[in-house]
Amino acid sequence: MKFEYEVMNMDSKETGQCENLLSERLNRLGKDGWELVTSFTCPYIGGSPYSLIGIAQKTTFILKRQLITADEKETNK
């Protein structure tokens, strides 16, 4: 079985609309067969109205879905 991966980033600048925006993005990707594998947050120096002392957060989401080969597509017809 082979997989392909998608990487999506969300910055703390989007915090005010984060929950709705994140849900919309993940639901859209889920409908296309993507599954969330992991996520992690990395602090960095940057400007954000939601950060303290110039430290912002970037969250990275890694998703995967099964890669369907041409042979498998023919078999499923």
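Contacts between residues 24 or more positions apart make up 63% of the protein's contacts with a separation of 6 or more, where contact means heavy atoms within 4.5 Å. This is a predicted model: local features need pLDDT of at least 70, side-chain atom pairs count only at pLDDT 80 or more, and totals for chains, interfaces and linings use all residues. Residues are numbered from 1 along each chain as its sequence is written, and side-chain values use heavy atoms, with hydrogens and water left out.

**Layout**
- You'll find two helices and three strands here, taken as DSSP runs numbered from the N terminus (helices H or I, at least four residues; strands E, at least two).
- Starting at the N terminus, the order reads β-α-β-β-α.

**Inside**
- Met8, Met10, Leu22, Leu29, Trp34, Phe61 and Leu63 form the largest nonpolar core, a set of buried Ala, Val, Leu, Ile, Met, Phe, Trp, Tyr and Cys residues joined through side-chain atoms within 4.5 Å.
- At least two residues of this core come from each of strand 1, helix 1 (18-31) and strand 3 (55-67).
- Leaving aside residues up to four places away in sequence, methionine 8 touches several others, including Leu22, Leu29, Phe61 and Leu63.

- Phenylalanine 3 sits in strand 1 (residues 2-11) and is partly exposed, at 32% relative accessible area.

Note on methods:
Buried < 20%, exposed > 50% of the residue type's maximum accessible area, 1.4 Å probe, protein only.
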